Amino acid sequence: MSALLEADAVSFRYDPGTPLLEGWSAAFHPGEVVAVTGPSGRGKSTLLYLLGLMLKPREGRVLLDGREVQGLSDRARAGLRAEVFGFVFQDAALDATRTVMDNIVETALYRGDDRRDATRRADELMHRFGVGLRRGAKPGQVSGGQAQRIALCRALLGQPRVLLADEPTGNLDPDSADLVVDAFHDHAARGGTAVIVTHDPALVARCHRRIPL
Ligand SMILES: Nc1ncnc2c1ncn2[C@@H]1O[C@H](COP(=O)(O)OP(=O)(O)OP(=O)(O)O)[C@@H](O)[C@H]1O
């Protein structure tokens, strides 16, 4: 099966900074839940930014459906990010000035979805992940574990083909973490790919394979 997302001989370092990736290659296929592990500071989050088209490799290529993406304009890359990727960042990256609901539906609305429909689907996702919040709640009023699940709802709402998640179970109790991992597997079963950075052995054990950095 051809890869959905691929890194081909990718090298990267921040400027200034020591090299984080040197000639690094990996392929991610539809139907896979892949764990990326490694010591703190090795560059795991950076790898997600490269795979998610937020950073460009200094050398090498990132390919989506076999097509190189680094030559695309910033606007085209932003369009692809919204269309193809769902991100669950380590710090949830919620906009504190807007309601939780507005945070969740933002990308879907950017893509042109109907607000009422997006809100209904967001409610379903929040219910599924046990995030019961009053209407109008702001990110500053939720716990770290709730913020992580809110970020996951936002990522899933867009039905992305690729889910990129950075320590998505870091603040969660085991039952909530299990629900989140189930969601990654549902996503993969529908033909998506999930790439998950994690230090959590229970999560690694439930992935199809592990890539150590
Ligand atoms: N924007 C940046 N500019 C310069 N250096 C950066 C930047 N972001 C991260 N770094 C550095 O790059 C290295 C890798 O960071 P990264 O967050 O990718 O590692 P990580 O493996 O995800 O770590 P952790 O497991 O602690 O989250 C670190 O030394 C970090 O300080």
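How many nonpolar, polar and charged residues does the shell around the ligand have? The points below start there.

1. **Basis.** This is a predicted model: local features need pLDDT of at least 70, side-chain atom pairs count only at pLDDT 80 or more, and totals for chains, interfaces and linings use all residues. Numbering starts from 1 along each chain as its sequence is written.

2. **Ligand shell.** The shell has 2 nonpolar, 7 polar and 2 charged residues. Ala, Val, Leu, Ile, Met, Phe, Trp, Tyr, Cys and Pro count as nonpolar; Asp, Glu, Lys and Arg count as charged; the others, Gly among them, count as polar. The residues around the ligand are Y14, G17, L20, G38, S40, G41, R42, G43, K44, S45 and T46. A residue is listed if its C-beta atom, placed from the backbone, lies within 6 Å of the molecule.

3. An unreviewed UniProt entry carries the annotation "domain: ABC transporter" for residues 5-213. UniProt positions follow the numbering used here, feature names are shortened, and annotations may be inferred rather than shown by experiment. Over residues 5-213 the chain is 38% helix and 22% strand. The end C-alpha atoms of that stretch are 17 Å apart. Helices (H or I, at least four residues) and strands (E, at least two) are DSSP runs, numbered from the N terminus.

4. **Open sheet.** In the order β2-β1-β4-β5, 4 strands form an open sheet with antiparallel pairing. Its edge strands are β2 (21-28) and β5 (67-68), each pairing on one side only. Two strands pair if DSSP finds at least two bridges between them. Strand β1 (residues 5-12) is joined to β2 by 5 bridges. In this pairing L5 stands opposite F28.

5. **Nonpolar core.** The largest nonpolar core has 56 residues, and L51, I150, C153, L164, A194 and I196 touch the most other members. Helix α5 (residues 144-157) gives the largest share of this core, 8 residues. Such a core is a set of buried Ala, Val, Leu, Ile, Met, Phe, Trp, Tyr and Cys residues joined through C-beta atoms within 7 Å. Buried means 20 or more other C-beta atoms within 10 Å of a residue's own; exposed means 12 or fewer; partly exposed is in between; C-beta atoms are placed from the backbone. Leaving aside neighbours within four places in sequence, I150 is in contact with A92, L94, V100, N103, I104, V131 and V142. Contact means that the C-beta atoms, placed from the backbone, lie within 7 Å.

6. **Helix α3.** In α3 (residues 100-110), the buried residues are V100, M101, N103, I104, V105, T107 and A108. They pack against α2 (74-84), α4 (115-128) and α5. After α3 comes G112, with a positive phi near 100°.

7. **Backbone points to check.** D15 and P16 are joined by a cis peptide bond, with omega about 0°. P16 sits in the loop between β1 and β2. A9, in strand β1, is not a glycine, yet its phi is positive, near 55°. A9 counts as partly exposed because 13 other C-beta atoms lie within 10 Å. Q159, in the loop between α5 and β7, is also not a glycine and has a positive phi of about 45°. Q159 has 14 other C-beta atoms within 10 Å, so it is partly exposed.

8. **D173.** This residue lies in the loop between β7 (162-166) and α6 (174-189). D173 counts as exposed because it has 9 C-beta neighbours inside 10 Å. The C-alpha atoms of D173 and G145 are separated by 8.3 Å, with the two residues 28 apart along the chain.

Key
Two residues are in contact if their C-beta atoms, placed from the backbone, lie within 7 Å.
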